[in-house]
Amino acid sequence: RAKLINYAIAAFAMCFYCESSINPAQIYTLREKELSDYKPSIKGFKVTIIKPRAGYKATNLLVSVKILPLINEYKEFRDWILSLVSNNKIDKMFLSLDTRPKTYNSFENIETYSGKDTVNYRRWLSLYMPKFGWINPPVIRKTASNFILTVTNSASAASQKLGNTPKVVIKHYSEVTDKQHSEQLT
């Protein structure tokens, strides 16, 4: 049961990656309160989050209003998970239950969500859907940036979506090779 809960959390984390183009390091540190206090904007909402690789500065993350019901459902699911454990004082939005053999069904140990949880979900998903086309979070970010740059021709707009500066977007996310382009379209 703990493994299935972890897979469900990882599935929503991937959904959140796709919607927000969030940096993986940010999703690991995203706090529940940061996703609760959103500010409405014209085409979505802004969430202020802390970015570890940028000297822990606050950055804005743009998220579509369409994902709000899913976020609220995930929060209810997260609250249910926390009601099952005694040490439920975790403030991270994404979490993981300890699934080592001796703690398998105890629901006692909560860990911080990490890349291993995404890898475990991918491995489990490939057992049931071996031809599933997996897209890694960095490719999701590049695809979102390339799309916004193509549509708006604005590094500023792309930087708002990615939570980077325009300079970083131009340097790391603005050029697409033919191989990347075909992978993204596929």
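In the predicted model, helix α1 (residues 2-20) packs against helix α5 (residues 115-128) at an angle of about 105 degrees. The two axes lie 9 Å apart. Helix α1 is therefore roughly perpendicular to α5. On the α1 side, the contact is made by Leu4, Tyr7, Ala10, Ala11 and Met14. These residues meet Asp117, Thr118, Asn120, Tyr121 and Trp124 of α5. By class, the residues of this contact comprise seven nonpolar, two polar and one charged.

Helix α1 also contains Asn6. The relative accessibility of Asn6 is 10%, so this residue counts as buried; the cut-off for buried is under 20%. Neighbours within four places in sequence were set aside in listing its contacts. On that basis, Asn6 touches Ser96, Leu97 and Thr99.

Cysteine pairing was examined next. A disulfide is a covalent bond between the sulfur atoms of two cysteines. A search of the whole structure returned zero disulfides. For Cys15, the closest cysteine sulfur belongs to Cys18, at 6.9 Å. That separation is too far for a bond, because a disulfide requires sulfur atoms within 2.5 Å. Viewed from Cys18, the closest cysteine sulfur is that of Cys15, again at 6.9 Å and too far for a bond. Cys15 has a relative accessibility of 29% and therefore counts as partly exposed. Cys18, at 48%, also counts as partly exposed, since the exposed class begins over 50%.

Definitions and conventions: Residues are numbered from 1 along each chain as its sequence is written. This is a predicted model: local features need pLDDT of at least 70, side-chain atom pairs count only at pLDDT 80 or more; totals for chains, interfaces and linings use all residues. Side-chain values use heavy atoms; hydrogens and water are left out. Axes are lines fitted to C-alpha atoms, for helices over the stretch in contact, and angles run from 0 to 180 degrees between N-to-C directions. Helices (H or I, at least four residues) and strands (E, at least two) are DSSP runs, numbered from the N terminus. Angles under 35 degrees count as roughly parallel, over 145 as roughly antiparallel, 65 to 115 as roughly perpendicular and the rest as oblique. Contact means heavy atoms within 4.5 Å. Ala, Val, Leu, Ile, Met, Phe, Trp, Tyr, Cys and Pro count as nonpolar, Asp, Glu, Lys and Arg as charged, and the others, Gly among them, as polar. Buried means under 20% relative accessible area, exposed over 50%, partly exposed in between (1.4 Å probe, protein chains only).
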